[in-house]
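Here is a short tour of one protein, written for someone meeting it for the first time. Take a look at the model, then follow the points below.

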Amino acid sequence: MFKIAPALFTREITARVPVDGGFENQTMKVTYETLASDKAEALLDIKRGNQGMRDFVSAICVRVDELVDETGKPLEWNDTVKAQLLALPYAFGAIREGYLAAMTAAQAKN
């Protein structure tokens, strides 16, 4: 039976974080919301430019777990942490790519 309802799903994703001498793979668990096609298209309208992509990623990213601060202290998910995380280009890109990979895999299996 197919449910017509917003779908939430969680994936562990890896971000390649720049460090001296290269990169370090760091993981996080991202809970995504599957956006309806019309909402995704409106957010990604070419006239909206980079702001459209930022709004799209903010909309699909419901929650991220397994986050710590620079001292290793666990962080509680809130709007401030979300804004800090999405401001990091390597985190932003990993979150976006995790969603797109999940949507591509879902379409390939249909």
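Read along the sequence, the protein follows the pattern β-β-α-α-β-α-α, which comes to four helices and three strands. Helices (H or I, at least four residues) and strands (E, at least two) are DSSP runs, numbered from the N terminus. The C-alpha trace spans about 45 × 35 × 30 Å along its principal axes. This is a predicted model, where local features need pLDDT of at least 70, side-chain atom pairs count only at pLDDT 80 or more, and totals for chains, interfaces and linings use all residues. Residues are numbered from 1 along each chain as its sequence is written, and side-chain values use heavy atoms, with hydrogens and water left out.

**The sheet**

- Three strands form an open, antiparallel sheet in the order E1-E2-E3; two strands count as paired if DSSP finds at least two bridges between them.
- E1 and strand E3 (61–65) are the edge strands, and each pairs on one side only.
- From one strand to the next, the twist averages 35°; axes are lines fitted to C-alpha atoms, for helices over the stretch in contact, and angles run from 0 to 180 degrees between N-to-C directions.

**Strand partners**

- E1 and E2 pair in the antiparallel sense over 12 bridges.
- Two residues separate E1 and E2 in a hairpin, and Gly21 in the turn has a positive phi of about 85°.
- Looking across to E2, you will find Tyr32 opposite Phe9 and Gln26 opposite Ala15.
- E2 and E3 are also paired in the antiparallel sense, over four bridges.
- In E3, Arg63 stands opposite Thr31, and Asp65 is the bridge partner of Lys29.

**A helix across the strands**

- Helix H2 (residues 49–60) lies across E2 and E3 and runs at about 65° to E3; contact here means heavy atoms within 4.5 Å.

**Salt bridges**

- The structure holds four salt bridges, each a side-chain nitrogen of Lys or Arg within 4 Å of a carboxyl oxygen of Asp or Glu.
- One of them joins the side chains of Lys29 and Glu66 (3.7 Å, N to O).
- Lys29 is in strand E2 and Glu66 is in the loop between E3 and H3, so this pair ties together parts that are 37 residues apart in sequence.

**The second largest pocket**

- This pocket has a volume of about 400 Å³.
- On a 1 Å grid over the protein atoms alone, a pocket is an open set of points where a 1.4 Å probe fits, with protein on both sides within 12 Å along at least five of seven lines; lining residues have an atom within 4 Å of a point.
- Grid points are joined across faces, edges and corners, and a volume is the space filled by probe spheres set on the points.
- Of the 17 residues that line the second largest pocket, Gln26, Leu67, Val68, Leu85 and Leu88 are the closest to its centre.
- Strand E1 (8–19), strand E2 (22–33), helix H3 (79–86) and helix H4 (89–109) are the elements that give two or more residues to this lining.
- The lining divides into 11 nonpolar, three polar and three charged residues; Ala, Val, Leu, Ile, Met, Phe, Trp, Tyr, Cys and Pro count as nonpolar, Asp, Glu, Lys and Arg as charged, and the others, Gly among them, as polar.
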